[in-house]
Amino acid sequence: MNEVKDGSCRSTLLIIEDEPDLCATFCRYFKHLKYNVLTAHDGCKGVELFGQAHPDLVLTDLRLPGMDGLQVLARIRQESRDTPVIIVSGKGEIDDVIEALRMGAWNYLSKPLESLLVLGHAVERALEHARLIQEHREALEHKLERLSLYDTLTGLPNRVFFLDRLAHELAIARRNKQQFALMIIDLDRFKWVNDTLGHIVGDDLLRVMSSRLRQCVRDSDRIARLGGDEFTIILDNVIHPENVASLAQKLIGVIREPVVLQGQPLHMGASVGIATFPSDAMDLEDLIKHAEMAMYQAKETGRNTFCFASQELHAKAAERIALENELYQALDRQELTAFYQPKLDLDRTRLCGAEALVRWIKPDGSVITPARFVPLAEETGLILPIGKSMLLAACHATAHWLADWDLPFKMAVNLSSREFQQPGLVERIREVLQESGVAAEHIEIEITESMVMGHVEKAVEVMKAIRDLGITLAMDDFGTGYSSLGYLKRFPLNTLKIDQSFVRDLSGELRDGAIVDAILAMAHSLQLSVVAEGVETVEQFTYLCSRGCEMAQGYLIGRPMSQEQFGRLITEKWEPKIPGCKK
């Protein structure tokens, strides 16, 4: 350590990085933290500076001109076995990273860094360990190993240790021609716990979950925490894949058991991805990638489940990338358009409105279904420009129709979760109303239960601001989420939309309307109107009419149609042709 005039110690860092901008960023950051900083843009210069200045810590890339990071590390270890070396390198260099860790690198951080704070904390921890080694080498050797290889929160092996163990397991399996499985476990809704209940509760939850996972595995299995809410388990010598599936179900079961923290029960879930060697992958990187892809597939399937990796997942990933590129182009080419599904007033059996639905029609006339591209648009953020264009199109269409015909008409437009959370949402809606010239009372915004439950107070504030514009609000897909009367009373709603899954049970042998009756009774007690979605049969239609449901939409009434087709429907004073429908 270098003495400073005030008597404190200032550590000297050597940064070896061939990207000038990144090197300059690291340099500014650590100088701001009062470190002495030396820099080198190639491996040879880095080794030279190390021999001259004897820095307290080295940050180095692996891909360097002249002398690569592994050679630099070897030269440093010839001169000093104690100086901590942190590898800051790309994700695609995992084999070199493992070799560097074996050669004595203290830690590995992957580019691009999430935050300079991560790097700062890593340096601080490394220097602290260096001091401990210097002062208490023999006595603290075991403690230092745990701090560098084990997660301090849960006590489980960390990512560094996991990578080393996985490489070791691969070598044994290749030599003995054995199978083994890799599980990646991701806690569902953990971000919600952190955001709503705080990180202290989140940390307590992780400790509980790690303890439960440990109790489910054999002594020979290797469990680790990868970071955040992700855990992994290496299952050695797997003979029957069904045994792995049984364990996955067991893990999901123990995670779903309620956890009482700060006096309130939490119900968690987990998504599990499973990849096996050698059937799914032959090397470390591919095995991890396949397990992660399987885990994300489990999430998409509905969470609280597990998925095995397969070649099909590769095909789906390639298809997704291609679809994302096409979606960007579709926005530029204006291939996304609004279709309108008629909504029927069941008491007067006349047209009372429509729901605007996005459709993607390609230049060759083929149609990409919303189920394929809407989730992708949500994930990538493209739902924001799509949502705005759909709202604008729907408002323009409504203004056009109402200019020529005096109709008791309301246009329903869906709002995505991303749009609802965006700052300035209410002002953007106001601007669309002004630009289109449509009166606010002819527009209804549809939201879902899930999008408003994370931050209820904020959600109520936004909903009230939308209502203040003169727009009405509808709760879409009601009954599929929280469906709490207590929450429902707090939301400034006008309408509930019964999800089509409940309407579907009103026909055939499953004609059980108990849920629909309960939703209607609840809504009417709160003076809310009700729209039934997905009405496809006369039996469903008749049942809803007999129970006092105000409105309905579905294929029995009319399929989604273009603006031109819907305009003709209005001019022809359309009436539904439904057997038994009163005129």
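Me: Pockets to start. Which elements each supply at least two residues of the lining of the second largest pocket?
Reply: This is a predicted model. The elements are helix H4 (94-103), strand S7 (107-111), helix H5 (116-136), H6, H7, strand S9 (222-227) and helix H11 (284-301).

Me: Which of them has the largest share of that lining?
Reply: H11, with six residues.

Me: How much space lies in that second largest pocket?
Reply: About 1500 Å³. The lining has 34 residues, and Tyr 108, Leu 109, Arg 159, Leu 226 and Gly 227 are the closest to the pocket centre.

Me: How do the lining residues divide by class?
Reply: Into 16 nonpolar, eight polar and ten charged.

Me: Step back for a second. How many helices and strands are in the protein?
Reply: 23 helices and 23 strands. The protein has 583 residues, and 49% of them are buried. Its C-alpha atoms fill a box of roughly 95 × 55 × 55 Å along the principal axes.

Me: What share of contacts comes from residues 24 or more positions apart?
Reply: 67%, counting contacts with a separation of 6 or more.

Me: Next, packing. How many residues does the largest nonpolar core have?
Reply: It has 83 residues. Tyr 340, Met 411, Phe 420 and Val 452 have the most contacts inside it. Helix H14 (residues 383-404) gives the largest share of this core, nine residues. Another core lies apart from it, with 34 residues, including Val 238, Val 254, Val 272 and Ile 274. As background, nonpolar side chains tend to be buried together in soluble globular proteins.

Me: What does Phe 420 touch, not counting residues up to four places away in sequence?
Reply: Leu 415, Leu 425, Ile 447, Met 451, Val 452, Ala 459, Val 462 and Met 463.

Me: And Phe 491, is that buried or exposed?
Reply: Buried. Phe 491 has a relative accessible area of 7%, so it falls under the 20% cut-off. Phe 491 sits in the loop between helix H19 (485-490) and strand S21 (495-498).

Me: What packs against Phe 491, leaving out residues up to four places away in sequence?
Reply: Phe 491 touches Val 452, Met 453, Val 456, Val 460, Met 463 and Met 475. Take Val 460: Phe 491 is 31 residues from it in sequence, but their C-alpha atoms are 5.9 Å apart.

Me: Switching to Thr 154. Where is it found?
Reply: Thr 154 is in the loop between helix H6 (141-149) and helix H7 (159-176). Thr 154 counts as buried because its relative accessibility is 8%.

Me: What does the Thr 154 side chain reach?
Reply: The backbone nitrogen of Leu 156, at 3.2 Å. Setting aside residues up to four places away in sequence, Thr 154 touches Leu 206, Ser 210, Arg 214 and Arg 225.

Me: Backbone geometry now. Which residues does a cis peptide bond with omega of about -10° join?
Reply: Lys 111 and Pro 112. Pro 112 lies in the loop between S7 and H5. The peptide bond from Phe 277 to Pro 278 is also cis, with omega near 5°. Pro 278 is in the loop between strand S13 (269-277) and H11.

Me: Why flag those?
Reply: Because most peptide bonds are trans, and likewise most residues other than glycine have a negative phi.

Me: What phi does Lys 177 have?
Reply: A positive one, about 55°, although Lys 177 is not a glycine. Lys 177 lies in the loop between H7 and strand S8 (180-188). Lys 177 counts as exposed, at 79% relative accessibility.

Me: And Asn 304, what is its phi?
Reply: Positive, about 55°, and Asn 304 is not a glycine. Asn 304 is in the loop between H11 and strand S14 (306-308). At 30% relative accessibility, Asn 304 counts as partly exposed.

Note on methods:
Residues numbered from 1 in each chain as written. Predicted model: local features only at pLDDT ≥ 70, side-chain atom pairs only at ≥ 80, totals over all residues. Heavy atoms only, no water. Helix = DSSP H or I, 4+ residues; strand = E, 2+ residues; numbered from the N terminus. Buried < 20%, exposed > 50% of the residue type's maximum accessible area, 1.4 Å probe, protein only. Polar contact = N/O pair within 3.5 Å; in protein donor to acceptor, adjacent residues only side chain to side chain. Contact = heavy atoms within 4.5 Å. Core = buried A, V, L, I, M, F, W, Y, C linked by side-chain atoms within 4.5 Å. 1 Å grid on protein atoms, 1.4 Å probe; cavity = no way out; pocket = protein on both sides within 12 Å on 5 of 7 lines; lining within 4 Å. Points joined across faces, edges and corners; volume = space filled by probe spheres on them. Nonpolar A, V, L, I, M, F, W, Y, C, P; charged D, E, K, R; others polar.
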